[in-house]
Amino acid sequence: MLDCLIIGDSVAVGTAQARPECVSYAKVGWNSRSWNRDYLTKASEKPAQTVIISLGANDHAGIKTESELRKMRSTIQAARVFWISPGKERKPIAQDAIERIAQEYGDTVIPRPQNHMSADGIHPTGRGYKILGEQTK
């Protein structure tokens, strides 16, 4: 069993840099459908104590976000699961789906650290990623 697995998009990539002890299946620009296509089977074969998820922020209108996130979450085997929020103001559909799924599974949703965001308003700063890393330990 892995100690920690990080899955998702560019925010997951940054979080993995703050948590180098974790195995990471993350790639800049990934949406939930792409992640499921490329890594769903691999990740489902790796139970972990902790799983950190950052997906949904890159989903577009052609992706059934809640369905894709549910498919992914149903395969996760973990003692604790943390979702990094894409933010209701930026991605309300993804945020609502994440909150519903997390509640059903007893997972924790972590907001992006608003006082430590880069100029794009999407990605945390280096300090922000360290905060996310600490919040998921």
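## Reading the fold, one residue at a time

Analyst: Let's start with contacts that bridge the sequence: of those in the protein chain between residues at least 6 apart in sequence, 65% join residues at least 24 apart. Please keep in mind that this is a predicted model.

User: What share of the residues is buried, and what does the accessible surface come to?

Analyst: Buried here means under 20% relative accessible area. By that cut-off, 47% of the 137 residues are buried. The accessible surface comes to about 6700 Å², and carbon and sulfur atoms account for 49% of it.

User: How are the charges placed on average?

Analyst: You can compare mean positions. Those of the 19 positive and 15 negative charges are 3 Å apart.

User: Now a helix, please. Which residues of H1 are buried, and what do they pack against?

Analyst: First the general idea: an α-helix has 3.6 residues a turn, so residues three or four places apart point the same way. In H1, the buried residues are Ser10, Val11, Ala12, Gly14, Thr15 and Ala16. They pack against strands S1 (2–8), S2, S3 (48–54) and S4 (78–84), and against helix H5 (126–135). At the start of H1, a side-chain oxygen of Asp9 comes to within 3.1 Å of the backbone nitrogen of Val11.

User: Is Thr15 buried or exposed, and what is it in contact with?

Analyst: Thr15 sits in helix H1 and has a relative accessible area of 0%, so it counts as buried. Setting aside neighbours within four places in sequence, Thr15 contacts Ile6, Ile52, Ile84, Tyr129 and Leu132. A polar atom of its side chain lies 2.8 Å from the backbone oxygen of Val11. For a sense of distance, Thr15 and Met1 are 14 residues apart in sequence and 20 Å apart in space, C-alpha to C-alpha.

User: Where is Arg19, and is it buried or exposed?

Analyst: Arg19 lies in the loop between helix H1 (10–18) and strand S2 (23–26). Its relative accessibility is 4%, so Arg19 is buried. A polar contact of 2.5 Å links its side chain to that of Glu21. Beyond four places in sequence, Arg19 touches Cys4, Ile6, Ile52, Gly133, Thr136 and Lys137.

User: And where does Arg73 lie, and what does it touch?

Analyst: Arg73 belongs to helix H3 (residues 65–75). With a relative accessible area of 6%, Arg73 is buried. Not counting residues up to four places away in sequence, Arg73 touches Val81, Trp83, Ile101, Tyr105 and Asp107.

Definitions and conventions
Residues numbered from 1 in each chain as written. Predicted model: local features only at pLDDT ≥ 70, side-chain atom pairs only at ≥ 80, totals over all residues. Heavy atoms only, no water. Buried < 20%, exposed > 50% of the residue type's maximum accessible area, 1.4 Å probe, protein only. Contact = heavy atoms within 4.5 Å. Areas by Shrake-Rupley, 256 points an atom, 1.4 Å probe, with all protein chains shown as cover. Lys, Arg positive; Asp, Glu negative; His and termini not counted. Charge placed at Lys NZ, Arg CZ, Asp CG, Glu CD. Helix = DSSP H or I, 4+ residues; strand = E, 2+ residues; numbered from the N terminus. Polar contact = N/O pair within 3.5 Å; in protein donor to acceptor, adjacent residues only side chain to side chain.
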